[in-house]
Structure formats: C-alpha cells, structure tokens
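I want to walk through both chains, then the cores and the confidence.

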Amino acid sequence: MTTDPVTPDGGARTPQSGAALVAQYLDDLERALADADPAERAETVTAVRDHLEDALGTRPPLDDARDVIAGLGPVELIAGAATPFAAAHGSDPRARTTAHGGPTAAAPSGTVVDPTPWTGPDPRFGPPPSTEIPPRLPGVALGLATLSLVTSLAWIVSWPLAIAAIVCAVVHLTRSEKRRGMAWTAIGLGVLSFAVSLVIGLFSGSTVVEETGQGLAVPVVTGDGPAVAGLVVAGSLLPGE
Amino acid sequence: MTSAVERAQTQLRKGVLEYCVLASLRAAPAYGLELATLLGRDRVLLASEGTLYPLLSRLRTQGLVATTWQESTSGPPRRYYELTDDGHAALDAFTATWQPFRDAVDSLLEDPR
C-alpha cells in the first residue's frame, strides 16, 4: 500500500531522492490533516517525521524511503484515523471537508476514528502543555557546576554559577525522573564550588575595591577579613587603609 | 468495495487497538517506530503503521500514556511512550474483561446453541 505524492492540482511529482520523497510525504500528510484537531495534527506529523528519521536516517536511498512510506500507508488513511477538528470542539463530526473544500470520503477500512472530544487546551492559544522535560537541563546544570568549580579562585564569578547550577538541577529533579544522577552530581559540584568560593572570598584574602585617581577600580588585598568582603559584595567601596 | 473480512477487522480494531497499544507498553516504554513495527508486523492490528500516531496522540491527551525524551545510541534523542497509572488501570480493566468476552464469542462461534 503506497501513496504517490501529488501536487495540490493533482499533478504527479517525481522526487529525485529519498529525502525529497520524505519531505513531500510529510507535506502531503500535513495537508491531509488540515481538518484534524490542530494539536493532534502537529503531534501526528512530528511522530511520523520521527518514525521516518529513525527508519531512514537523514540521507536515505529512494527505494528505502519508498518502502518505509509504503509501511506508513497513504496519508489519507492516517488522516482518517485522526480526530476531526469539528468533533474535537463539539460540532458535528461528519461536517468535514477536505483541504480542497470537497466532502470527505468515508473513513477508509482499517482506520480507527475515535470521536472522543478533545479535552486539552486550545492549541491556537499556544502549544499544549508538555510533560516532556528538555533532556539538556541536567547537562546544563553539570556544565555550570563544573565551570563554577574551575573558576573558584575568581569567587565573584564562581558563586553565581554554582547557584545557577543548583537551581537548574533542582528544577530538573522536581519535573523529571530521567537523568537524576547527573542532576544530583551537578548539585554536589555546585555546593562544593559554592563552599570553595565562599571560603576563598572570606578568608584567603578579602578584596576591597578602591577608587583610583583615574576613576578606575583596582583590587587591594587587606587583612580586614569577612566584614570587608561583605561590603564588597554589597557594592560598597572602602578606601584602602 | 470493502470486503467482509476488512469490515470485520475494522470493527474489531475500533474496540481493541488502543488496548493493544497499552499492552505493548506494559513491560517497558517504547518509541514510535518500535511500536509501529511491533503492532504492524502482521497487518492484522494495524492497517498501516501511520494510523498508530493519531491514536498515540489521543492516548496521551486522555492521560493513558505519557511521553519522555531518552538518549539514543544512534542519533538524536527519541520520544518514548510509557504507560501512566491511568493507562495501567485501563489496561487491567480491559484484561479482566477480555477473557470472558472472548470466551463468550468463541462459544457462540463454535456452537451457537
């Protein structure tokens, strides 16, 4: 069972590569789903694209692309299995038209048309809420924590990075069950880095910023300890003593 | 013209396909191509692999499956489908119903009286 992609005016097109055939199939699918519930249409097209990429990679031979597309079936069959927009929003599900304005044929055999009303948010007002957590967040947290640790000697730079790393990791842990080990590692490194930068900032040479005659600020090491460091963090400028 | 066999298949799919999808996710999460290959291999449960995806979208909307991203060894991260608690409950209810239902049908097909 296969579909030869056609132009909107019915003329046959002849893709020259597997990638072109795949792109044309996805275009045809999107058109065939024009009357489907918008969120379901977007999700279906994305899932079919993922299916094709998983099966074919990025530069598939034309014959391989034909085989996989044949397995997916005609776009009209997929569209027949989708929830019509009218049904999803409470209108008569039979009041459907095709993308070209004509009446829709009866659902082809083998399709499953579920008239269950769409209960999700209206995607016209933004994408549906996703339960999917970007898989990059733990990696970002770990990167920030590592950078924070590396820059510990520059404690003014290091501690905000540590805080950012910890926040990213905690956000991930509260929202996902995946890659928790990486998130916990980021928290550990972040806490360690924060502690190191704190110790360096407080005890191993507190830095006082002093105004020079040219209006430039230069660091001056004093023996004033934690109190002076706190003033520097707060942005105060103390004259050197 | 649709054959009588195809009509019967269509009616049966309407009733059981979503539970077959849930059943195929009971043991472990799976990604789209994996599910489509499993369910479409004999062309009995799925008329074509592509019809799986609108159904998966509805199951997600109904809260019976959830999707997550997982790293792939052979490309970009993949979207995996997994059963939710509601999905497990729906599958358990279907499993409990299916055996007596099938027995009743078998009984009638074998000996109507």
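Predicted model: local features only at pLDDT ≥ 70, side-chain atom pairs only at ≥ 80, totals over all residues.

Entry 1: I started with residues 140-171 of chain A, where the chain is 88% helix and 0% strand. The end C-alpha atoms of that stretch are 12 Å apart. I had picked the range from the UniProt record, an unreviewed entry, whose annotation "transmembrane region" covers residues 140-171, 183-204 and 216-238 of chain A.

**Entry 2: helix 7 of chain A.** I checked the length of helix 7, residues 155-175 of chain A. At 1.5 Å a residue, its 21 residues should span 30 Å, and the end C-alpha atoms are 30 Å apart, so the two agree. Next I asked myself which residues of helix 7 of chain A are buried. The list I got is Trp155(A), Ser158(A), Trp159(A), Leu161(A), Ala162(A), Ala165(A), Ile166(A), Cys168(A), Ala169(A) and His172(A). And what covers them? The cover includes helix 6 (137-150) and helix 8 (180-203) of chain A.

**Entry 3: chain A overall.** I counted elements: chain A has nine helices and two strands. Reading from the N terminus, I wrote down α-α-α-α-α-α-α-α-β-β-α. Chain A has 241 residues, and 33% of them count as buried. For contacts in chain A with a separation of 6 or more, 63% come from residues 24 or more positions apart.

Entry 4: Chain A averages 69, with 58% of the residues scoring at least 70. Where in chain A is confidence lowest, and where highest? Lowest is helix 9 (residues 226-233) of chain A, at a mean of 40, while helix 1 of chain A is highest, at 95. I also flagged residues 92-133 of chain A, where the pLDDT is below 50. That stretch still has 80 contacts in the model beyond near neighbours in sequence. Residues 1-8 of chain A stay under 50 as well, with 19 contacts beyond four places in sequence.

**Entry 5: chain B overall.** On to the other chain. I get four helices and three strands for chain B, running α-β-α-α-β-β-α from the N terminus on. Of its 113 residues, 33% count as buried. Taking contacts in chain B between residues at least 6 apart in sequence, I find that 44% join residues at least 24 apart.

**Entry 6: strands of chain B.** I traced the pairing. Strand 2 (residues 65-72) of chain B pairs with strand 3 of chain B in the antiparallel sense, over seven bridges. One partner I looked up was that of Gln70(B), and in strand 3 of chain B it is Arg78(B). The link from strand 2 of chain B to strand 3 of chain B is a hairpin through two residues. Strand 1 (residues 30-31) of chain B also pairs antiparallel with strand 3 (residues 75-83) of chain B, over two bridges. There, Ala30(B) has Tyr81(B) as its bridge partner.

Entry 7: I stopped at Arg43(B), which has a positive phi of about 60° although it is not a glycine. Most residues other than glycine have a negative phi. Where does Arg43(B) sit? I found it in the loop between helix 2 (32-40) and helix 3 (52-61) of chain B. Arg43(B) counts as partly exposed because it has 14 C-beta neighbours inside 10 Å.

**Entry 8: the cores.** The largest nonpolar core has 44 residues, and Ile78(A), Val21(B), Leu52(B) and Leu56(B) touch the most other members. From chain A, helix 1 (18-32), helix 2 (38-56), helix 3 (62-72) and helix 4 (75-80) each give two or more residues to this core. Leu161(A) and Ala162(A) were already on my list of buried residues of helix 7 of chain A.

Note on methods: Residues numbered from 1 in each chain as written. Chains lettered and ligands numbered in written order. UniProt positions renumbered as here; feature names shortened; annotations may be inferred. Expected span 1.5 Å × (residues − 1). Buried ≥ 20, exposed ≤ 12 C-beta atoms within 10 Å, placed from the backbone. Contact = placed C-beta atoms within 7 Å. Pairing = 2+ DSSP bridges. Core = buried A, V, L, I, M, F, W, Y, C linked by C-beta atoms within 7 Å. pLDDT = per-residue confidence, 0-100.
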